[in-house]
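These are my notebook entries on a structure that I went through contact by contact. I wrote down what I looked up and what came back.

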Amino acid sequence: MHTDLSPALAYLDSQVLGKQHQIKLAVTCLLADGHLLIEDLPGMGKTTLSHALATVFGLHFSRIQFTSDLLPADMLGVNIYNTRQGEFEFHQGPVFSQVVLADEINRASPKTQSALLEAMEENQVSIDGSTHSLPSPFFVIATQNPSYQAGTYPLPESQLDRFLMRISLGYPDGEAEKRMLRESAGVSSHHQKPASQVLSAEQLQAIQKQVSDIHVSDPILDYLLRLVNQSRDNSEFPYPLSPRASKALMRAAQAWALLHQRDFVLPEDLQAIFTAVAEHRLRGSQTDYREDGLLSQRILDLTDPLAA
Amino acid sequence: MQPIDKPIRNQTASALIALVFCVLSLSLFEPLLFWVLLISLCATGIRLVMYFGWYQPMPSLRTINLLGLLCCLCLGWFSLQIGLLLTMVNLLILAGALKLIILNRPRDLFHLFCTCLFVIGMGFTFHQSVVMTLFYGLLTLSLLVAIGRYFSPSQHLPWHIKRLTVMSVQALPIAILLFLILPKLPPLWKMPVSKSTETGLTDTVTPGDIANLTQSGELAFRATFNGALPLPAERYWRALTLEYFDGKQWSVSPLRKQVREQYRLLNNEFKPRVSGSWWEYEVITEPTNKHWLFSIDVGIPDDLNSSQAIWQSSDYSLLSETPITSRRAYRVRSYPTTPMDQTLYSIDSRLNLQLPNNAAVNPQTQAWAEQIAADNATQVERVQAVLDYFVDQGFRYTLTPPPMPDHPIDDFLFMHQEGFCAHYASAMSYILRLMGIPARMVAGYHGGESLQPDVLSVYQYDAHAWVEAWLDGRGWVRFDPSGIVAPARLELGLQQAVEEESFLANNQMARLQQLPLFAELRNLYSLLDYQWSRWVLGFDAERQHNLLALLLGKVTTQRIMFLMLGICLVIGLLLALYFIPHWQRKRPPANLRWFLQASQKTEQITGLKRHNDGPEHFAERAAQRLSPQSASQFKAICQAFIALNYARDGEASAQSNAFITQCKTFIRQAKAL
């Protein structure tokens with residue numbers, strides 16, 4: 001029925017150890033054709049994960065390191081005068097890639113940030129009046145340092161909203177870290193797996209199309225609306241969820257169901273993706289990922305999927 | 001539903017409550033102490049500053065506690081002057097204001113909300129007019145909007161307002177029914193004082209008092225006549241008879257009070273025989289805190305209720321059995337042509353020939369009275385001579401006479417020769433007494449404005465004083481010296497009589513009254529207020545009884561009970577009409593109901609709680625605690641439920657009998673591990 005994604009997941013698991021749930025979320029995000037924001041301290045495996053994602057789906061990968069002096073042109077590309085032919089020629093920037101890792105996006109100035117986010121939204125880039133389409137599929141993985149670190153420009157709410165999910169990898173558990181250390185020291189009994197492509201870009205696009213065919217029944221839609229309305233009717237939540245957020249929730253739940261080889265959505269699917277999809281929209285820009293409990297968890301606690 | 005101790009994030013509700021609180025305390029301008037009002041204004045200011053984000057930090061709890069302590073001390077000091085009730089009012093507002101400053105948590109918000117509701121209720125002890133009722137209604141709505149805003153902050157204000165308006169309109173019929181039917185119990189507690197009456201007559205009159213009274217445009221009472229109104233010149237409303245004169249001021253004679261008490265003990269009420277034509281009317285009087293009532297001479301109570309509530313005194317005045325602390329209605333019939341000669345002449349003459357003890361006051365008047373008495377033999381001639389003197393000497397009628405401290409009547413008669421009605425009445429009564437004619441001053445109102453063809457409204461500025469003299473063979477006869485000096489006063493009212501002076505000089509509103517449009521509006525308002533006090537405020541136990549009698553024919557306990565039950569049923573039905581569709585929608589479909597029952601059974605026997613788990617998760621968790629057979633059964637149920645509810649071909653709303661049987665079997669057989 002569906003393409004089996006378990007080899008891809010197995011490969012990713014072997015690359016980023018002990019983070020099954022986060023890996024599933026990242027793949028879900030990719031399947032749902034959304035962009036992913038990873039918020040974490042440096043050195044937690046953000047880059048490894050994005051690299052592995054690109055590899056496993058056979059996608060062209062590029063990485064942009066955001067700094068405070070990075071200009072939009074550095075990322076999008078520039079028109080350069082070709083003296084031989086006597087006309088301007090467009091030189092593509094690193095954004096013209098199927099998987100773009102925008103590293104430390106909150107270190108760049110707002111101008112550059114919004115250039116990238118515009119590209120994400122439109123799937124195209126406009127420079128000097130001419131429009132250049134971005135490759136397809138186009139998947140941005142942005143990483144962001146916690147905003148309390150020095151030299152950061154936090155993303156505004158409107159731009160956070162462009163990311164389908166925000167996840168945080170967090171520290172691996174002791175067992176996983178030990179395994180990782182052993183492998184990197186070369187004492188592992190079996191060699192590190194070579195980079196292997198499991199799926200092609202065409203297959204990925206086919207899967208992305210299947211996502212919208214996943215059945216969402218009425219009770220599920222009601223549950224979703226109850227979740228969203230909880231955020232709107234309850235004064236505990238400073239930023240209620242928008243209709244765009246409801247759309248994102250549905251699409252992510254569909255992708256999650258597909259990842260679990262079901263052709264319909266269960267309440268459990270919504271619950272699984274809810275924090276990743278909703279938390280950054282609920283919390284706004286000013287606060288960090290980890291604070292006194294998750295707002296999205298609170299909404300889940302307040303809403304029964306089986307209520308009539 | 002939600003933790004009550006988290007700080008409020010959305011400040012709109014607090015700001016709204018602050019505004020309502022501010023307006024509310026302003027509406028209690030009179031009972032509130034100035035500094036309390038100031039504090040509540042400051043609290044609102046602080047809250048608004050926080051709302052607009054100009055300055056965020058909140059004063060610390062310690063500051064507020066200190067402030068509260070100081071305020072309590074101050075209030076304690078002031079309470080000696082203002083009495084218990086007003087102290088309590090001030091304390092409540094003060095507490096509300098301090099709470100407003102540190103309002104941070106939902107609990108504070110609810111406290112303040114309830115306080116505001118209570119203050120609104122309290123406001124009705126100070127204001128009862130139709131405008132204030134509407135105003136307080138509006139404030140209540142704003143409060144509800146604020147609290148609604150707190151509970152669903154994402155909705156816009158217009159949405160809340162619209163919704164609340166709709167709900168209030170829906171509630172209105174129920175409120176009206178309850179108002180009409182609910183038993184009118186006597187109050188458990190009465191106001192120690194109704195209001196500080198600076199306006200209105202008092203039982204001691206110095207001539208200046210009435211002049212002050214004319215500065216007030218407040219309503220004194222209204223009279224609704226059956227049939228034609230009396231002519232303007234006949235509208236002498238007697239309130240009280242002043243028979244004791246100490247040289248400067250007139251008061252109700254202590255002897256008269258004693259006589260009245262004795263008569264009351266003997267239950268010997270004065271019942272004058274009346275004859276001639278009469279006017280019938282109902283008076284609705286404003287609260288005065290006094291006993292006296294208003295009537296045109298000779299007035300007697302018209303119906304049983306009125307005569308039970310009214311004591312007729314032998315000075316032809318009507319007295320209420322209880323002080324008039326709220327609006328009161330009574331019916332009177334007045335016989336203007338009946339001579340007032342049925343009182344005991346012995347008592348009346350003893351009281352009304354009394355002269356001030358200090359004979360050195362007003363020497364000129366005494367000499368002059370002797371002169372007149374020598375020149376004129378008969379009582380009528382003597383009275384006429386006094387009246388003639390006022391006319392001949394060109395006395396002037398004025399609201400602002402010069403002060404006459406030492407020999408008031410001498411100064412008035414021979415030096416200034418200008419004064420107000422009370423000056424004339426006082427001087428004339430004194431002179432008549434000096435000449436051996438029993439005379440007294442009557443204080444009351446003269447005139448009245450007719451809003452409708454049959455209603456007279458009498459205002460405080462209609463206050464008047466005139467003279468009654470006992471003429472042998474005719475009894476008490478009314479003389480109005482100020483009417484002779486300024487005839488316009490009788491025909492057209494005070495306003496025309498002193499037109500050149502600034503009538504109601506301190507009252508800006510009264511100046512506006514000169515504009516025809518404003519006069520029209522004012523009349524309209526008076527009319528509205530009249531109907532309001534007559535039909536709404538005046539809807540007492542008796543009127544309710546009448547209404548019930550009209551509806552039921554005969555009022556018996558049983559019938560009233562049935563009526564009440566009927567009304568309750570009607571109200572319940574109205575509510576049910578509204579709520580049943582909601583309940584219907586809330587009722588879960590059959591499959592879901594049975595699934596929930598099955599999971600409840602599982603919860604019971606395993607001790608697990610489902611929390612907000614979906615069916616799949618719960619089945620997994622429960623499987624570890626259920627017996628293998630039950631576990632597989634429950635798993636099957638969950639699978640079936642998922643297939644029905646969520647899968648592509650499932651029909652969530654359609655009832656599946658097979659599934660229900662499955663659930664029933666499980667509920668019967670389920671066993672824990």
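**Conventions.** I worked on a predicted model, in which local features need pLDDT of at least 70 and side-chain atom pairs count only at pLDDT 80 or more, while totals for chains, interfaces and linings use all residues. Residues are numbered from 1 along each chain as its sequence is written, chains are lettered from A and ligands numbered from 1 in the order in which they are written, and side-chain values use heavy atoms, with hydrogens and water left out.

**Interface.** I looked up the contact (heavy atoms within 4.5 Å) and found 31 residues from chain B and 31 residues from chain A. The size of an interface is often given as the accessible area lost when the parts come together. I noted a buried area (accessible area, 1.4 Å probe, that two parts lose on being put together, summed over both) of about 2500 Å² between chain B and chain A, with 52% of it from carbon and sulfur atoms.

I then asked how many salt bridges (a side-chain nitrogen of Lys or Arg within 4 Å of a carboxyl oxygen of Asp or Glu) cross the interface of chain B and chain A. The rule finds two, and one that I wrote down pairs the side chains of A:Asp304 and B:Arg610 at 2.6 Å, N to O. On the side of chain B that touches chain A, the elements giving two or more residues are helices H5 (130-151), H22 (590-606), H23 (615-623) and H24 (628-645) of chain B; helices here are DSSP runs (H or I, at least four residues), strands are E runs of at least two, and both are numbered from the N terminus.

**Second largest pocket.** I recorded about 680 Å³ of space in this pocket, a volume being the space filled by probe spheres set on grid points joined across faces, edges and corners. A pocket is an open set of points on a 1 Å grid over the protein atoms alone, where a 1.4 Å probe fits, with protein on both sides within 12 Å along at least five of seven lines; lining residues have an atom within 4 Å of a point. Of its 18 lining residues, the closest to the centre are A:Asp233, B:Ser152, B:Trp159, B:Arg163 and B:His582. H6 of chain B gives the most to the lining, with five residues.

**Backbone.** Most residues other than glycine have a negative phi, and most peptide bonds are trans. I noted a cis peptide bond between A:Ser136 and A:Pro137, with omega about -10°; A:Pro137 lies in the loop between strands S7 (130-133) and S8 (139-144) of chain A. The bond from B:Asp297 to B:Val298 is cis, with omega near -15°.
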